[in-house]
Amino acid sequence: MSVAGRTVLVTGAGRGIGRAEALHLAAAGANVVVNDPGVEIDGRGGDAGVADAVVAEIRALGGRAVADTGNVADWEDAGRMVARAVDEFGDLHVVVNNAATEVNKGMERLAEDEFDDVVAVKLKGTFAVSHHAARHWRARFEAGERTDRAIVNTASGSGLLNPLPTQSNYAAANAAVAAMTTVHALELRRFGVRVNCVSPSMVRTRLTAGVPGERMTGPDVVAPVVTYLAGDGCPLTGQVLSVRGTSVAVNRGWSLGPRVESDEPWTVDALADAFDTVGVEVVDPFDALTTALGGALGLSRREDVEAVVNAQLDLPQN
Ligand SMILES: NC(=O)c1ccc[n+]([C@@H]2O[C@H](COP(=O)([O-])OP(=O)(O)OC[C@H]3O[C@@H](n4cnc5c(N)ncnc54)[C@H](O)[C@@H]3O)[C@@H](O)[C@H]2O)c1
């Protein structure tokens, strides 16, 4: 299982987790397209030097890389990234969809463009780059090539296990990326493409600079998992792997909990009675949040977590 000689496009590879992935893949012998427009956390601005710096680092270590400053949420840019990989290195074997932005606000304060833009980078960007890569791969498959190809998407604990208050846009987009991973794994197997997803948690980058917690890890912890999923011969497809420190867990997705059954279509009263009398145990969302993150916040009581979250939501926001 190896990425040696394979060409990998990593989006958002100029900083944080993506940068660590680009360096790890290059050290393992991959040709890397380092995509990053060098934007601010909220997607504004841009700095071509961010991608160039990672390319320089890789080359200084003897690796092969080129920079790309396209925006993953722009359909044409996404197509150009794929074409760039093929032009520079002869083929593209793996896409690592890692780019993301954040605008965190209580939902009643979140503006329309702040919702759309975050979803566009994470969700549409993942689709756009995957779409253009898949068109290239289908053409190669129909021309008779039989080569392992792979997509590695990036979701988040905020979206799967512990969607966070203030992250309507980000959490929803990350959950959608996990769902799309399954769809694309089903669709693309017929021409030899594996599609998996990593879901990091508690990694100290600029995205998490404001999140308290001593158990945060450096961005390097995700890279070996991505290089494994990118490797020729990796057997996995359709999987979402949660990565927290050195723990890597296969997600089982949504699963059914307690249920009530009826031979007849439910009436509202009958359903209310069934939930009451059968004693269906439902988990309060703040209990779930306390289980997922209370330890990191140093809080064990649900009431304390709820108070901290509500205080945060009611801080003045622009
Ligand atoms: N840090 C964590 O704890 C954590 C947890 C869960 C998931 N993630 C996910 O990991 C990935 C990387 O996050 P990070 O913490 O390294 O963030 P980061 O902000 O350090 O890096 C993200 C990079 O993406 C780039 N980017 C933004 N918009 C782009 C666009 N339109 N096109 C191309 N590139 C763009 C940025 O310029 C930036 O360099 C994201 O998908 C994020 O959702 C991170």
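**Entry 1: salt bridges**

A salt bridge is a side-chain nitrogen of Lys or Arg within 4 Å of a carboxyl oxygen of Asp or Glu. I am working on a predicted model, where local features need pLDDT of at least 70, side-chain atom pairs count only at pLDDT 80 or more, and totals for chains, interfaces and linings use all residues. Residues are numbered from 1 along each chain as its sequence is written, and side-chain values use heavy atoms, with hydrogens and water left out.

I looked up Arg-149 and found a salt bridge with Glu-145, with the closest N and O atoms 2.9 Å apart. I then checked accessibility (buried is under 20% relative accessible area, exposed over 50%, partly exposed in between, with a 1.4 Å probe and protein chains only). Arg-149 is buried at 2%. Glu-145 is partly exposed at 29%.

Next I took Asp-304, which forms a salt bridge with Arg-301 at 3.1 Å between the closest N and O atoms. Salt bridges that share partners also join Asp-91, Arg-140, Glu-145 and Arg-149 into one network.

Arg-138 is partly exposed at 38%, and Glu-142 is exposed at 58%. The structure holds 16 salt bridges.

**Entry 2: aromatic rings**

I searched the whole structure and got two aromatic pairs. Rings of Phe, Tyr and Trp (its six-membered ring) pair if their centres lie within 6.5 Å; planes under 30 degrees apart are stacked, over 60 edge-to-face, the rest tilted. Phe-141 and Phe-191 have ring centres 6.3 Å apart and planes at 45 degrees, so this pair is tilted. Phe-141 is in helix 4 and Phe-191 in the loop between helix 5 and strand 6, 50 residues apart. Phe-141 is partly exposed at 23%, while Phe-191 is buried at 7%.

**Entry 3: domains**

I read the domain assignment, automatic or from a database: domain 1 is 7–250 and domain 2 is 256–318. Their centres, taken over C-alpha atoms, are 32 Å apart.

Methods. Helix = DSSP H or I, 4+ residues; strand = E, 2+ residues; numbered from the N terminus.
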